Amino acid sequence: MTYKISEGGFYGEYGGAYIPEMLWRNIEELRTRYMDIIQDESFQRRFYSLLKDFAGRPTPLYFASRLSAQYGARIYLKREDLCHTGAHKINNTIGQILLAQKLGKTRIIAETGAGQHGVATATVCALMGMPCTVYMGKTDVERQQPNVARMKLLGAEVIPVTSGNATLKDATNEALRHWIAHPLDTHYIIGSVVGPHPFPDMVARFQSVISAEIRQQLTEKEGNPYPDYVVACVGGGSNAAGAFYHFLDDEHVQLIGVEAAGKGLQSGHAAATLALGKPGVLHGCKTLVMQTADGQITEPYSVSAGLDYPGVGPLHAHLFATGRAKFMSATDEEALRAGLEVSRTEGIIPALETAHAFAILPKLNLSKDDVVVINLSGRGDKDLQAYNQLI
Amino acid sequence: MNRIDKLFQRREKNILSVFYTAGFPGLNDTVTIARHLEAAGADMIEIGIPFSDPIADGPVIQRSNNRAIANGMTLKLLLDQVKQIRQTVTMPLLLMGYLNPVLQYGVEKFFTDAAEAGADGLILPDLPPEEFELKYRKKAMQAGIHVVFLVTPSSADERIRLLDSLSGGFLYAVSLSGVTGTRTSFTTEQDEFLKRLQKLKLKNPVLAGFGISNSESFHAACRLANGAIVGSAFISLLENSHNLQAQIEGFIHNLRSLPVPEGK
Ligand SMILES: Cc1ncc(COP(=O)(O)O)c(C=O)c1O
């Protein structure tokens, strides 16, 4: 069984590039050039030096002693929240902006849900002196104000999107429409392992630094690189893809993705695409999609804006289909409580997205020798309003 | 013989094809509009299958899609409406839409059912040509339905030849960079692109679409292509309609009449 992308851009039956002809040249350019560019030695040097000196990598792998005692296992936290801008998203935006420069692009566009990817994109655009436009659903603009302010401070233009339900799906539509109209000078920095090939593979490669570091750090701390579990939340699936990547072929490592169950998996207000979706095409890729019987995409719901997406990366659809990874879900309430618990037992306020990953700990039936790595994908400063309801 | 082929056999110039969204403005207007368009002198119709996330469309077509879905429009219902249209309407009819609703219906079943209902062609802009060739081309041929591909100014010549070889009936020239409904006048970019297509000596007739909104842009396109497709401008008219028949008649008449030369 392979979990790597095929020549044609598929993971099993998922992936591909289902795009209108207007995007063909851009996607074809990326497809034919991305591997050569990112494997080039000078690119690698530039990428890793920015990850180190600008983003602050490697991020610590922290042994969470009080959580470990509570759950009777050896729990480690991969501290992506300590990355510059407060989430794993910057790993991808550094990679993509360097790639955009190699392609000779002069403008950057991006979509964002929680605003973390928007901030990470605005940040690298400021770093490189490139103009940046971020599409963000109007609903998300309202519920993620601090990140909107950060993007503006960094010099980005934030365009509130009012079409559809005015959330992440609609912001992605609008970014794609803009790209169709500006194919020559613009690169679209997509924020997760979604979209037409080669985006899912490219973003996974940029994020794979997370699992490369975990292997090395676990070897130092536990004497071998293999945890029993790797746990990550899944929206589009980029932090999970990064945390799983270098363990995909180590079948004894259990990979667990956690989706957002919103008000309950069967409540009609959830964003758990793998649990609820059917095969379909969204934003240029074949994957599992939340939709009606007639093929209309349905609006997902989660308290967490970063998990509020009706599709999922094709890699995860494949891991789900093959059983290589197990996918669970957590409700709004479970996630909020887990976030509060981690704040008080470890002194770390996780992003609401990340809090979903912590929420499944009680369901894992851990034993005391189990080594668990939780990918702490981001910090929770942006979510204080939601957490405030609990205190 | 396929009605699209018959049309181009009969006439090679000034073909006017009109695009509109199924189930808009009212659920059953799909049928009425087709009848009025034929009576008013359109040559061909393309009926859009509504989709929640039309990434290649501007605000006008987005709105019509949302409204059609809210009206209860489905692909199954559309096929029933096509049958009704075919009771009186004889001009070529194509269905155009994004892949996902068609995938849920079943691509092969859709080819058969659409042909049976009376459609002559399909346009599925996000169906990759390679996948069409591999998986579906035979089925389309068996069903006797044409699948029309899009070409754009950013398509390389080699790519255009591939799309032309797979395309049936005609080739849809998206003659500018952008989503639907964003431009109003014919630009040099469009002019150059259509000239480039002429030089490639393609097997299919070419219809120009996107940004054709009035008699000036229609005739400009017709000078370099076999005809043109009007979409957003027509849907805008339907958005504010009070008398469909009279308005559609007026719209087609205006589009066909030669524009007044500048300065007169
Ligand atoms: C901290 C954090 N974690 C996770 C996600 C979800 O995205 P992905 O599944 O691509 O990691 C987001 C998205 O905004 C985020 O901000």
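How many residues does the contact take from chain A and from chain B? The contact (heavy atoms within 4.5 Å) takes 29 residues from chain A and 36 residues from chain B.

## Basis

This is a predicted model, in which local features need pLDDT of at least 70 and side-chain atom pairs count only at pLDDT 80 or more, while totals for chains, interfaces and linings use all residues. Residues are numbered from 1 along each chain as its sequence is written, chains are lettered from A, and side-chain values use heavy atoms, with hydrogens and water left out.

## Interface

About 2700 Å² is buried between chain A and chain B (accessible area lost on being put together, 1.4 Å probe, summed over both), and carbon and sulfur atoms give 54% of that area. Glu21(A), Met22(A) and Arg177(A) supply 25% of the area that chain A buries against chain B, more than any other three residues.

There are three salt bridges between the chains, a salt bridge being a side-chain nitrogen of Lys or Arg within 4 Å of a carboxyl oxygen of Asp or Glu. One of them joins Arg159(B) to Glu21(A) at 2.8 Å, N to O.

## Chain B

Buried residues (under 20% relative accessible area, 1.4 Å probe, protein chains only) make up 61% of the 264 residues in chain B. The C-alpha trace of chain B spans about 55 × 45 × 35 Å along its principal axes. Among contacts in chain B between residues at least 6 apart in sequence, 74% join residues at least 24 apart.

Technical notes:
Buried area is the accessible area (1.4 Å probe) that two parts lose on being put together, summed over both. Buried means under 20% relative accessible area, exposed over 50%, partly exposed in between (1.4 Å probe, protein chains only).
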